[in-house]
Amino acid sequence: MNVRGRDAEVEKPKSNGGKFRFQPRPWRFRMKPDSTCKIIFLHNYDDSLLLREHKFDLVGSGAPIYGNILTCAEMVGESCPLCEVKKRHDLGVIQLSRLFSIIDLRPYKPKNGPEKKYQKLVLCQPDTMDRQFSHLAAKCADQRSNGSDLRGAVFEVDRPAEQRSSAIGTMYDFIKIQKLSGSKNYADEDLIPYTDDEFGVNMELLEDAAQTLVEKLKYAQEDEDGDAEEVPY
Ligand SMILES: [Zn+2]
């Protein structure tokens, strides 16, 4: 199959409009470089969710933009369209992610509606920070006698100025344990951690993403060569 013919009926991926076509819901916790914020954990460490995720860039800018995230189909024992693309091309990364539900205490303005004092989000801890997080959890557990570790723990999080620093921040300073049940500050449903159900495998989106990546690769290659030539696919 020639995926690079100029006659192929594919639209060139937009340089910015197509950037984040596969933004995961629920929304992920992210910080700007050179900022701090406070968060409250809703998941205990042992109850957090482990996912195999594809992260990929649809812009081809060379910058590490991985705003597109999809759960790998191999999580449910299916053959995965994005893994198939990845076998042939070096596109995106596959990451083992540990997900925690959190309350982000930065004020948040929904598109339709009044400003809220907080936002329930998902904190995606990369594998490289696992040692740090398990250590934080163990320290919290030592201070408590109810079997919990991170749930209810409030942290001040700092992200350094470097653009390439982790989007979830790098320094987690423990502040206190906050009692969550019966709190009037938060809606009851916002204190319930997300479950596996929210991160299910979506075959349709995986196939769409695989197709989009192959098309992106085709155009990136043409821009480079100024000419089309067949690439084994
Ligand atoms: Zn996969």
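This report walks through one predicted protein model, from the whole chain down to a few residues.

## Ground rules

Because the model is predicted, local features need pLDDT of at least 70 and side-chain atom pairs count only at pLDDT 80 or more, while totals for chains, interfaces and linings use all residues. Residue numbers start from 1 along each chain as its sequence is written.

## The whole chain

Let's start with the big picture. The protein chain contains three helices and seven strands (DSSP runs, numbered from the N terminus: H or I of at least four residues for helices, E of at least two for strands). Going along the sequence, their order is β-β-β-α-β-β-α-β-β-α.

Out of 233 residues, 27% count as buried. Here, buried is 20 or more other C-beta atoms within 10 Å of a residue's own, exposed is 12 or fewer, and partly exposed is in between, with C-beta atoms placed from the backbone. Now for contacts, where two residues have C-beta atoms, placed from the backbone, within 7 Å. Taking those between residues at least 6 apart in sequence, 71% join residues at least 24 apart.

## Strand β5 and its partner

Six of the eight residues of β5 are buried, so this strand is largely enclosed by the rest of the structure. Strand β4 (residues 93-104) runs antiparallel to β5, and eight bridges join them; strands pair if DSSP finds at least two bridges between them. Within this pairing, R98 stands opposite Q125 in β5.

## A look at L191

You'll find L191 in the loop between β7 (171-177) and α3 (203-225). L191 has 19 other C-beta atoms within 10 Å, so it counts as partly exposed.

Leaving out residues up to four places away in sequence, L191 touches L42, L180 and Y186. L191 and F41 are 150 residues apart along the chain, yet their C-alpha atoms are separated by 9.4 Å.
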